Amino acid sequence: MSRIIIATDFSPDALHAARYAAHLFGNTDVTYVLVHAHFDPGSLVPTIPAYSPELLEVAREGLAASAREFVEVTGAVSVEHQLLLGPLPQAVLELTEERGADAVVVGTKGRSGNGLFGSNTSDIIRTSAVPVITVPVRAELAQVRRIILADDREVMDPDKLSMLRMIALRHKAEVLVAHIDNGKPAVGTTRERMAVLLPDVPITVLEPKGTDVVEGLIQAARENKANMIAVLHRHKGLLSRIMHTSVAKELALDTELPLLVLEQEEG
């Protein structure tokens, strides 16, 4: 049974991310764990009482209410919720290490303009030991038909692509492999490699136009009407630019397309 962690700050955007998770993974053979990280700045100051019982109770009640609403709007059968203490990225990392998880789902924005997820999403991606799916506010709850996969043509671990394969098979989606030119020789042909790495998944090889990697990748997603972009965690520079570049804002990536970050050792 899959185990999916969903971070929440009780906001409508967080609920949308939770709904997207249920849409992506369904209600069969999956357990959803809604988590809220309660961080009291007083815990860093010895002279200030940390984690007051009143604030903790408010957080518990809010989390329980979010879990009930999640069940009501999605029909999810197996749902747990857990209150974590400390900064969100560290709390999520510790939870995945202690209890295990197949993926972490997090919204791209929180309750305010510089809210919970807006400031912590990059840290969750950077530290997570499992795949992370970031869900923009306007991500559609539609069948995932096309997934763009950024490929640097270096060696990939098929186990690290298992989440991508699971999503593709469940939604009968096609994976569009977009080449990232890193100046190194290719390890075999792209189609042959992907047939081994993603068996039973339809594969199309793309050659994005232009010299700018990020712009080409995003343009390919737009032209091919992709529903998701997948990148490897080792593409740190690419990840940073996708999440913050003006090109992404221009093409509305940051408000429409979920991003699947797959853990992968450095090539």
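Helices here are DSSP runs of H or I with at least four residues, while strands are runs of E with at least two, and both are numbered from the N terminus. Thr 121 sits in helix 4. The model is a predicted one, so to speak of local features a pLDDT of at least 70 is needed, side-chain atom pairs count only at pLDDT 80 or more, and totals for chains, interfaces and linings use all residues. Residues are numbered from 1 along each chain as its sequence is written, and side-chain values use heavy atoms, with hydrogens and water left out.

Back to Thr 121: with a relative accessible area of 3%, this residue is buried, a word kept for values under 20%, whereas exposed means over 50% and partly exposed lies in between (1.4 Å probe, protein chains only). The Thr 121 side chain reaches the backbone oxygen of Gly 107 at 3.3 Å.

For a salt bridge, a side-chain nitrogen of Lys or Arg has to lie within 4 Å of a carboxyl oxygen of Asp or Glu. Asp 123 is partly exposed at 26% relative accessible area, and Arg 126 is exposed at 53%.

By this rule the count comes to 7 salt bridges. One joins Glu 80 to Arg 3, with the closest N and O atoms 3.4 Å apart. Here Glu 80 belongs to strand 3 (residues 79-85) and Arg 3 to strand 1 (residues 2-7), 77 residues apart. Glu 80 is partly exposed, at 29% relative accessible area, but Arg 3 is buried, at 15%. Another salt bridge pairs Arg 165 with Asp 200 (3.2 Å, N to O). Arg 165 counts as partly exposed at 25% relative accessibility, and Asp 200 as exposed at 66%. Salt bridges that share partners also draw Arg 3, Glu 80 and Arg 99 into one network.

Helix 3 covers residues 88-99, which makes 12 residues, and reaches 16 Å from its first C-alpha to its last, close to the expected 16 Å at 1.5 Å a residue. The expected span is 1.5 Å times one less than the number of residues. Buried residues of helix 3 are Leu 88, Pro 89, Ala 91, Val 92, Leu 93, Leu 95 and Thr 96. Gly 100 follows helix 3, with a positive phi near 80°.

Just after helix 7, Lys 225 takes a positive phi of about 55°.

Finally, His 171 lies in helix 5 and counts as buried at 4% relative accessibility. Leaving aside neighbours within four places in sequence, His 171 is in contact (heavy atoms within 4.5 Å) with His 23, Leu 24, Gln 143 and Val 144.

Conventions: A polar contact is a pair of N or O atoms within 3.5 Å; within protein, one must be able to donate a hydrogen and the other to accept it, and residues adjacent in sequence count only if both atoms are side-chain atoms.
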